[in-house]
Amino acid sequence: IVEPEIKVTTSEPAVKSSLIVVSNRLPFILRRNPKTNELERKASAGGLVTAVCPVVIKGNGLWVGWSGLHLENPDEPIPESDPDDQTPTAGLKSKQVISVNIDPDVFDSYYNGSCNGTFWPLFHSMPGRTTFNGENWCDYVKVNQHFAEKTVEALEICHKKNQNSGSTPIVWIHDYHLMLAANWVREVAEAKKLPFVLAFFLHIPFPPWDIFRLLPWSDEILQGMLGCDMVGFHIRDYCLNFIDCCQRYLGCRVDRVNLLVEHNGRSVKIRPLPIGIPFDRFVELAQQAKRVIKTKQKIVLGVDRLDYTKGLVHRLKAFEVLLQKHPEHREKVSLLQVSVPSRTDVREYKELKEEMDQLVGRINGRFTTANWAPIRYIYDYVAQDELAALYRDADVCLVTPLRDGMNLVAKEFVACQINEPPGVLVISPFAGAGEMMHEALICNPYEIDQTAEVIHRALNMPEDERILRMSRLRGREKENDVNQWMRSFLKAVGTFDIDDVGTTTMQPVSVDDFDDYLLSYIGYNHKLALLLDYDGTLAPIAPHPDLAVLPVETRSVLMRLSNHSDVYVAIISGRNVENVKKMVGIDGITYAGNHGLEILHPDGSKFVHPMPIEFEDKVSQLLQALQDSVCHDGAWVENKGALLTFHYRETPQEKRPKMIAKATSLIEKYGFRPTKAHCALEARPPVQWNKGRASIYILRTAFGVDWNERIKIIYAGDDLTDEDAMVALKGMARTFRVTTSDIVKTAADHRLPSTDSVLTMLKWVERHFMGRKARANSLTYRNRKQDGVQMHMSLDITPKTLKASEVV
């Protein structure tokens, strides 16, 4: 990665590299003029737009997002901004905007079904409100893929515009709508050799492991986010939740001190980046706003979107308890609750509105007098200048969500507190803002009585304490405004060796790392069976199978292990058995070829899985068909005897999809099963045999039917075919998957970044076993004939078509 050129100033952040922002919505709203039928731009407010848009504009960057309209013509041009527009988006030219247009039904399923039906409640730690729907998930994947395509398009545009500058574009993907997109951006951009720096920021909380694991697609989500070079969250707790999930679910190596996760050989930085607000703009609004509250009563203010995460019902009940327990506040204090309409077509939100209406009515009916009503309830949108006036003149502001990523209302209230004496902020510890606004009064919204007491304390707080607390809050928020957030982001995406958190690169896998993975499992008294794949596990992947040579050091360690009486070694490969034995070159160990269809035992005996007679002729027919149809542009077919492998590693990226589809069709036509491998497609015979069945056969043959009670097992592989063994041995072995591709869903216990880390693991095994004495009852190879073990073979064919299966 080429380091982006970052220039940080004390006011507005700037970056010489182009910034490509990718978000669900564009920074403005498109609407169609009812008279002219022309598209028009309407300004959109918000901290993200205020901070990021000027950087996109000045850096000649791009913004990718949905316009808010489902356009019949996706190529309909985006209009320029109104000449009188003074908002931050005014300078964003239409050529800097890439609009994403999606089928309305797919978008509805993605947005309302997956984003708001699944991710919103689950990430706010409310699994009871979460729905899991496979069709919605599929549409979420489709939309993320479409956003990724548009992002790569934006990346190509940036490189063409800035081809002489030498700068590297920064791609910044935002929020839970687009948690998968980064992987496809990385995959395609790297194939096209487009330099980039890829970052992600989540604007909502990231849940702890015990909540996140409920998500059926948690594996894909974690790996999608890890497709970036840097992943940002509001606070450190969310970072640690994410790191914990990566370690426990994906088996990644992590560094909790320096906030790093190793994924596919890359060190991904996980950084807390608490978002701020345009502090000075809110101060200006508060100074200019006309007075809205015209009463001598004290005002307790609440401003929220009408959402079940905001704790509105709990808040009203707490205010009711306040009036009940402290009658001295009656006719002297009013709660002004502003609830902004949200998702009014969704049943849960309709029910919440009805509950709020009934609760307000009941409380007002209970306490209202001729001259006073305890609650003033506004269910509507409030203009920003009017909102600033409410913030300024309120005596207490309640920010008491049940769960919230940050909550900018707390920061906006503080910015607008220009009166003397100032008001008091009451905040929930379950909002991100509650982690850093220490001078506010903290209350748990679930504890209704306690919340009432905290409000009582806020209303009675001495003037000098109010001034002191608010002064400290204002100083911090002014310093950590939205521009500081932007500067922090630009610093975090830099490729410096050290940043504000610590080192930015994971240390290489060390032998000691495997103490955590293996020591408690293997212990000091057990024997060990090592079952290892070859290509991509012991030997690095090469352009041609003949070039995948086993490193000298790996062979030496394997040879020493094979000579240890307490260690049993088996190599299980997709190559044919004679070839894998030749490549490894160690006598006295077990070799399995063609994914276990052929097994060569240490005593020289050989097992060959039964093959349907008719498929022996079909192998040569399929070989000829593949050679005639798809063996061009660097693609070729490897004949392994029992199966064929179609290789396309040297084929240009853009030609692969059509070629793979054709090869898949031919393989299925001839009755074989197509199986994906590393830049290859395997044609396997229709027999119920794979690396999993082969692994269990090898273990039973070597150690008897009670093998699971007598030995410990390590399995390591890097391919989809190795997943069969990892699934078969789940709970009975320690399994490792060497991952180099972007999204790999695995049953393995742990992930390793490279073949070098597999060598490190073998060194740990050597150190562990060479340090203890061999025992009298140590492992020796047991002849399978003496064990009397019989295996039941399951095939998709009738017995009449079989040949003899044993060749001794």
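## Domain layout

The centres of domain 1 and domain 4, taken over C-alpha atoms, are 37 Å apart. Domain 1 covers 19–102 + 134–272 and domain 2 covers 279–479, while domain 3 takes in 512–609 + 689–771 and domain 4 spans 613–684. These bounds come from an automatic or database domain assignment.

A quick word on the ground rules: this is a predicted model, in which local features need pLDDT of at least 70 and side-chain atom pairs count only at pLDDT 80 or more, whereas totals for chains, interfaces and linings use all residues. Residues are numbered from 1 along each chain as its sequence is written, and side-chain values use heavy atoms, with hydrogens and water left out.

## Helix α2

Helix α2 runs over residues 104–123 and bends by about 35 degrees at Cys-115. Here the bend is the angle between axes fitted to the seven residues ending at a residue and the seven starting there. Helices (H or I, at least four residues) and strands (E, at least two) are DSSP runs, numbered from the N terminus. Of the 20 residues of α2, 15 are buried, meaning under 20% relative accessible area with a 1.4 Å probe and protein chains only (exposed is over 50%, partly exposed in between).

Have a look at the two ends as well. Asp-103 caps the N-terminal end, with a side-chain oxygen 3.1 Å from the backbone nitrogen of Asp-105. Just after the helix, Ser-125 has a positive phi of about 60 degrees.

## Around Ala-388

Ala-388 sits in helix α11, residues 384–393, and is buried, with a relative accessible area of 0%. Leaving aside residues up to four places away in sequence, Ala-388 touches Leu-285, Ala-286 and Cys-416; contact means heavy atoms within 4.5 Å. Glu-284 is 104 residues from Ala-388 along the chain, yet their C-alpha atoms are separated by 9.2 Å.

Strand β26 (residues 644–647) pairs with β25 (residues 636–639) in the antiparallel sense over 4 bridges. Two strands pair if DSSP finds at least two bridges between them. The hairpin of β25 and β26 has 4 residues between the strands, and Gly-641 takes a positive phi near 90 degrees there. β26 also pairs with β28 (residues 680–684), again antiparallel over 4 bridges.

His-647 of β26 ties this picture together: Trp-636 has His-647 as its bridge partner, and His-647 also stands opposite Ala-680 in β28. In a regular strand the side chains alternate between the two faces of the sheet. In β26, Leu-644 and Phe-646 point one way and Thr-645 and His-647 the other, and all are buried.

Technical notes
A polar contact is a pair of N or O atoms within 3.5 Å; within protein, one must be able to donate a hydrogen and the other to accept it, and residues adjacent in sequence count only if both atoms are side-chain atoms.
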